[in-house]
Amino acid sequence: MIHVKTTIDRPSADAVSRLAKFSSATIHEAQGRKGALSSRIKPIDRAMSFCGPATTVRCAPRDNLMLQVAIHYAQPGDVILASAGEYEEAGTFGDVLGNAMKAKGLAGLVTDSGVRDTQDLIELGLPVFSGSVSIKGTVKETIGPINHPVVFGDEIIYPGDVLRGDADGVVVVRKDEIEEVIRLSQERDDAERELIGLYKAGGTTIDLCNLTDVLKAKGLLVEQP
């Protein structure tokens, strides 16, 4: 097996930019309530946000050797997705590697393990999403695959799939579905904006969400004034 695949298919930068206009939740709902990574994975700062194609890497727990190799081979705009067995008690990534990623123009890091130096990373401005924060050190011992499919956060991620992360979490979009997901996300965004306008104009949840017949069928009883 070739450990490191250096050639992957990525969607266009324009398509990634257009997808980035929508929130992770909107994308998740628009594409049929799929693609949401485990809710354990959160940004180290709620202001962090990213969108980019995945460079995938599988690391051994408490070992960041292949993470460093992945940073070397990733292309500007990529998001490093590092699967490490959901091992929380290790700081597999910190400010030194964060600066290496920032210098290469990488879009962000997503890991199911731990990170550290979080204040420095926040000041650096590199989006970092992780399963935990841990100061415990790591080793550099075990080789593993880069740009192979990985199971991460209850989803299968393929190299080049697009990851969108924000304050609420991370969602994955298949690279060959990105245009359709952009269209569906825009439709959902437009519908929600219209609904918000109707609420501001005095509309009610039961009327605007067509709940009258649903609640009647379920036998909801409401005290009358």
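Is glutamate 194 buried or exposed? At 56% relative accessibility, glutamate 194 counts as exposed; here buried means under 20% relative accessible area, exposed over 50%, and partly exposed in between, with a 1.4 Å probe and protein chains only.

The model is predicted, so local features need pLDDT of at least 70 and side-chain atom pairs count only at pLDDT 80 or more, while totals for chains, interfaces and linings use all residues. Residues are numbered from 1 along each chain as its sequence is written, and side-chain values use heavy atoms, with hydrogens and water left out.

**Figure 1. The whole protein chain.**
The protein chain holds eight helices and eleven strands. Helices (H or I, at least four residues) and strands (E, at least two) are DSSP runs, numbered from the N terminus. The C-alpha trace spans about 70 × 35 × 35 Å along its principal axes. The chain has 225 residues, and 43% of them count as buried. Among contacts with a separation of 6 or more, 74% come from residues 24 or more positions apart; a contact means heavy atoms within 4.5 Å.

**Figure 2. Charges across the chain.**
The chain carries 25 positive and 32 negative charges, and their mean positions are 2 Å apart. Lys and Arg count as positive and Asp and Glu as negative, whereas His and the chain ends are not counted. The place of a charge is taken as NZ of Lys, CZ of Arg, CG of Asp or CD of Glu. Side chains of opposite charge can pair when their charged atoms come close. In the whole structure, a search finds twelve salt bridges. A salt bridge is a side-chain nitrogen of Lys or Arg within 4 Å of a carboxyl oxygen of Asp or Glu.

**Figure 3. Glutamate 194 in helix H6.**
Helix H6 covers residues 178-200, and glutamate 194 lies in it. Valine 96 is 98 residues from glutamate 194 along the chain, and the C-alpha atoms of the two are separated by 46 Å.

**Figure 4. Salt bridges of arginine 183.**
Glutamate 180 forms a salt bridge with arginine 183, with the closest N and O atoms 2.6 Å apart. Both residues lie in helix H6, three residues apart, which is about one turn of the helix. Arginine 183 also meets glutamate 187 in a salt bridge of 2.6 Å, N to O. Arginine 183 and glutamate 187 are separated by about one helical turn because they are four residues apart in helix H6. Salt bridges that share partners also join Asp14, Arg18 and Glu179 into one network. Glutamate 180 is partly exposed, with a relative accessible area of 40%. Arginine 183 counts as partly exposed at 39%, and glutamate 187 is partly exposed at 42%.

**Figure 5. The pair of glutamate 29 and arginine 33.**
A salt bridge joins the side chains of glutamate 29 and arginine 33 (2.8 Å, N to O). Glutamate 29 has a relative accessible area of 26%, so it is partly exposed. Arginine 33 has 62% relative accessibility and therefore counts as exposed.

**Figure 6. Serine 132 and its contacts.**
Serine 132 is placed in strand E7, residues 132-133. Its relative accessibility is 14%, so serine 132 counts as buried. With neighbours within four places in sequence left aside, serine 132 is in contact with Glu88, Ser113, Gly114 and Val115.

On the surface, Val151, Ile156 and Tyr158 form a nonpolar patch with about 280 Å² of accessible area together. Patches are made of residues with over 30% relative accessible area and no salt bridge: like charges are joined within 9 Å, and nonpolar side chains (Val, Leu, Ile, Met, Phe, Trp, Tyr) within 5 Å. Tyrosine 158 lies in the loop between strand E9 (155-157) and strand E10 (162-166). At 37% relative accessibility, tyrosine 158 counts as partly exposed.

**Figure 7. Two loop residues with positive phi.**
Arginine 62 is not a glycine, yet has a positive phi of about 60°. Arginine 62 sits in the loop between strand E2 (50-58) and helix H3 (65-73), and is partly exposed at 39% relative accessible area. Asparagine 210, also not a glycine, has a positive phi of about 55°. The loop that holds asparagine 210 runs between helix H7 (205-208) and helix H8 (212-217). Asparagine 210 is exposed, with a relative accessible area of 61%.

How values were computed: Areas by Shrake-Rupley, 256 points an atom, 1.4 Å probe, with all protein chains shown as cover.
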